[in-house]
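Trainee: Could you pick one spot in this model and take me through it closely, with the cut-offs spelled out as you go?

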Amino acid sequence: MAERVVIIGAGPAGIAAAIQLQREGIQPTILEKNCPGGLLRSANLVENYPGFPDGIPGNELARLFVRQITDAGIEIRHEEIETLDYCSKEYIIKTDRGEFTAPIVVVASGTEPRKFPDFETIPDIENKFFREIIPIIDIENNRIAIVGSGDAAFDYALDLSGANDVTIISRGDRHKCLPLLLERAKRSSRIKILTNAKINDILPDNRGLKLICDGPDGQFEFFADKILSAIGRSPEFGFLSDNLKKNGKSLENAGVLYFIGDVANGIFRQTAISVGDGIRAAMKIGEKILERRCEL
C-alpha cells in the first residue's frame, strides 16, 4: 500500500526527513518555494557539523545535501504553500500551482525574518533594504550596514566583508553572538562595530543612504549603499489554517503531523539539530505506516 507523505520545506530538516523516508520504503513529496538548502546557504562557515573538522561553508554543505537527495531520485517540487488544512483524515494542500491531498504532512518550513520597524517602506530605499543575505551575498565594493547583534548579524558581516565594507549596528552594549564570531569580526579591517546605537531615520542621498543615529556621544550619521536587517526570525507557518492552529497538537499526537527543524526549535537553529529532527520524524512515520499495514 503506497503512502503519500508531503514535506513542506527543503532545508536540512526536510531533506534529512526525505532521505530517511526513502530508506523506510516511502517516497516523499517535497515542496519548496525557494532554492533548496534553506538558511544553510547563507551560513559563512559551519563548524559544528560532524565530519568536517575544518568546517565547511554553508552553501557548500547545502550543495552536498541537495546532491544527495537528487542522486537518490527524490524530486523537489518548486511550489509555494498557500494554505494547509485537515479534513476527513486528509490534509488539503493548496499551493501556487494547484491543490492535492495527503494523509501525513511534515512541516519543515523554517523561519522568516522579523520586519524592521518603520523603515522598510520609506520611498526610494526598498531596493536597498534587505532582510535576507542571499540577494546580496555576491555583491562587491559596497558599504553595508547590518542591524543586529546576534550570530546572524556577525555571520553576515564576516561573509560580506570579503569584498565590502561592513558596519554592524547594535542597540545595546552587549553582543548576543558567539564569542568566536565577535573576535573574528574585530580582527577584520573591513568590519566596524557600533554599540549603543539606534537608527532614528534613513534618508536617500546622492552619496547613498544616510543613516541618522543616536549613540553614546549624541547624534551621528554615516552613509551606506545597502542595509541588511538581522534582528531575529519567527517560525514560518502563516499558511496553517485556523483549524490546524487549533487542533495541530492532537494531530501531532496522532502521528500524522510533524513540525521539525527551525520552525519548531526556537533559538536552537543548528543544522545538526534540524537533520536529527528530520531523521527522527521519518523513523516515526515509518513505524506509523508499518502499523497501518499490519492492521490491514
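Mentor: Helices here are DSSP runs of H or I with at least four residues, strands are E runs of at least two, and both are numbered from the N terminus. With that in hand, let's start at Thr-271, which lies in helix 6 (residues 271-295). Before going on: this is a predicted model, with pLDDT of at least 70 required for local features and 80 or more for side-chain atom pairs, while totals for chains, interfaces and linings use all residues. Numbering runs from 1 along each chain as its sequence is written, and side-chain values use heavy atoms, leaving out hydrogens and water.

Is Thr-271 buried or exposed? Buried means under 20% relative accessible area, exposed over 50%, and partly exposed in between, using a 1.4 Å probe and protein chains only. Thr-271 comes in at 13% relative accessibility, so it counts as buried. Contact means heavy atoms within 4.5 Å. Ignoring neighbours within four places in sequence, Thr-271 touches Pro-12, Leu-40, Tyr-49, Leu-61 and Phe-65.

Two of those partners turn up again in a helix pair: Pro-12 of helix 1 and Phe-65 of helix 2 both belong to the contact between these helices. Axes are lines fitted to C-alpha atoms, for helices over the stretch in contact, and angles between N-to-C directions run from 0 to 180 degrees. The axes of helix 1 (residues 12-23) and helix 2 (residues 58-71) come within 10 Å and cross at roughly 25°. Helix 1 is therefore roughly parallel to helix 2; the label covers angles under 35 degrees, with over 145 being roughly antiparallel, 65 to 115 roughly perpendicular and the rest oblique. The crossing is left-handed, meaning the near helix is turned anticlockwise from the far one by less than a right angle (clockwise would be right-handed).

As for who does the touching, helix 1 brings Pro-12, Ile-15, Ala-18 and Ile-19, and helix 2 brings Phe-65, Val-66, Gln-68 and Ile-69. That contact sorts into 7 nonpolar, 1 polar and no charged residues, where Ala, Val, Leu, Ile, Met, Phe, Trp, Tyr, Cys and Pro count as nonpolar, Asp, Glu, Lys and Arg as charged, and the others, Gly among them, as polar.

For another example of burial, look at helix 3 (residues 151-160), which is mostly covered, with 7 of its 10 residues buried. Among them are Phe-154, Asp-155 and Tyr-156. The buried residues of helix 3 pack against elements including strand 10 (143-147), strand 11 (165-169) and helix 4 (179-187).
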